[in-house]
Amino acid sequence: MPAIGLTLDRTTHMLSAEELADLALKIERLGFDSVWLLDSFGRDPYMACAYMLSKTSTLKVATGVATAYSRDAMGAQQTREALSEFYPGRFLMGIGASNPIVIAKRKGEWVAPLPKMTSYLEDMAEVQLISPKPEQLAPVILAAHAPGLQKLAVKHAQGMVTWMMPAGIITEARERVGPNFNITAQILCVLTTDAEKARAVARAYLAMYIALPYYQAAFAKCGFEESDWSNGNSDRLIDALTAWGSNDQILARVEEFAGAGADRVVLNVIREDETQRADGKPPVIIGDWVGIEDLAAILATN
């Protein structure tokens, strides 16, 4: 079985500091391997990682992922070394190039992911800081869906992570990066056995990603067709990107990704906020931080 972590969905940016600390402690108490923070127009993800690390004692805390456009290479290496020193073995540095839509909102100048991340990781490696060197340097985990980025991860990082991709992408990546390189797969998770409800929640969350051309190109490599991502997205595609159902069904999806080559599966557990339901509107999606109590039972098999 792979390690199993959780993603903090973007609505957790609205939690107070006290609520965020309580959530981190809950996730630690339940026994999940790690928690992954998004970089999505809320709190600075590295500052939030530092805060959550300070409130817990064993939980691994990761950026999942922070965009390379938020800090220059020296700033990133400063953060990496500082959190490695202060919280040995517990910080995971997930970084990536994001996409043109997000970078435009940041007023950044978009550069294609491979040259952007190549220069970024090379520059990080050259940084020499005057502060004490940590005994154990936090791993850099590169967001890498395409072959070029996966090869770059092997050369300049200690792991790679995929976001909302089918298991077939993990299979291909494992063949490309070899048997010993660390692969993390982040997938959506909806805790209901009602297929219609699960797919409606997943469809609402995934709509933005599925509309992106590079996601569609990746889906095509796994045998999906244009009909799967047009006209509302097919059930077949939604099911490939989501773990839903009973704990046994969700565990089976985790095992599917592990069988494809994932060392860690990170579940982004979401639900509909029924208090905001409106006729004719897509469901409003929030993190399901109550449901993870029961979901933690799957860890007993790990």
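## Basis of the model

The structure is predicted: local features need pLDDT of at least 70, side-chain atom pairs count only at pLDDT 80 or more, and totals for chains, interfaces and linings use all residues. Residues are numbered from 1 along each chain as its sequence is written, and side-chain values use heavy atoms, with hydrogens and water left out.

## The largest pocket

The largest pocket holds about 910 Å³ of space. A pocket is an open set of points on a 1 Å grid over the protein atoms alone, with protein on both sides within 12 Å along at least five of seven lines, and lining residues have an atom within 4 Å of a point. Grid points are joined across faces, edges and corners, and a volume is the space filled by probe spheres set on the points.

The lining of this pocket comprises 35 residues, of which Ser-98, Asn-99, Trp-163, Tyr-214 and Tyr-215 are the closest to its centre. Two or more lining residues come from each of strand S3 (60–67), helix H4 (100–105), H5, S6, helix H8 (195–210) and helix H9 (213–221). Helices (H or I, at least four residues) and strands (E, at least two) are DSSP runs, numbered from the N terminus. H9 supplies the largest share of the lining, five residues. By class, the lining has 22 nonpolar, nine polar and four charged residues; Ala, Val, Leu, Ile, Met, Phe, Trp, Tyr, Cys and Pro count as nonpolar, Asp, Glu, Lys and Arg as charged, and the others, Gly among them, as polar.

## Enclosed cavities

The whole structure contains two cavities of 30 Å³ or more, a cavity being a set of grid points where a 1.4 Å probe fits but cannot get out. The largest cavity has a volume of about 80 Å³. Among the residues lining this cavity are Leu-8, Asp-9, His-13, Arg-43 and Pro-45. Its lining has six nonpolar, two polar and two charged residues.

The second largest cavity holds about 30 Å³ of space. Its lining includes His-145, Gln-150, Glu-172, Arg-176 and Lys-221. H7 and H9 are the elements that give two or more residues to this lining, and H7 gives the most, with four residues. The lining divides into three nonpolar, two polar and three charged residues.

## Helix H6 and its buried side

In helix H6 (residues 147–156), Leu-149, Gln-150, Leu-152 and Ala-153 are buried, that is, under 20% relative accessible area (1.4 Å probe, protein chains only), while exposed means over 50% and partly exposed in between. These four residues lie on the same side of H6 because they cover an arc of only 160° around the axis; the arc is that of the directions from the helix axis to the C-beta atoms.

The buried residues of H6 pack against helix H5 (113–126), strand S5 (140–143), strand S6 (159–163) and helix H7 (167–177). The face turned away from the buried side carries the exposed residues Lys-151 and Lys-155.

## Gln-77 and the cysteines

Gln-77 belongs to helix H3 (residues 73–86) and counts as buried because its relative accessibility is 4%. Leaving aside residues up to four places away in sequence, Gln-77 touches Met-124, Val-127, Leu-129 and Leu-137, where contact means heavy atoms within 4.5 Å.

Cys-189 is buried, at 0% relative accessibility, whereas Cys-222 is partly exposed, at 23%. The whole structure has zero disulfides, a disulfide being a pair of cysteine sulfur atoms within 2.5 Å.
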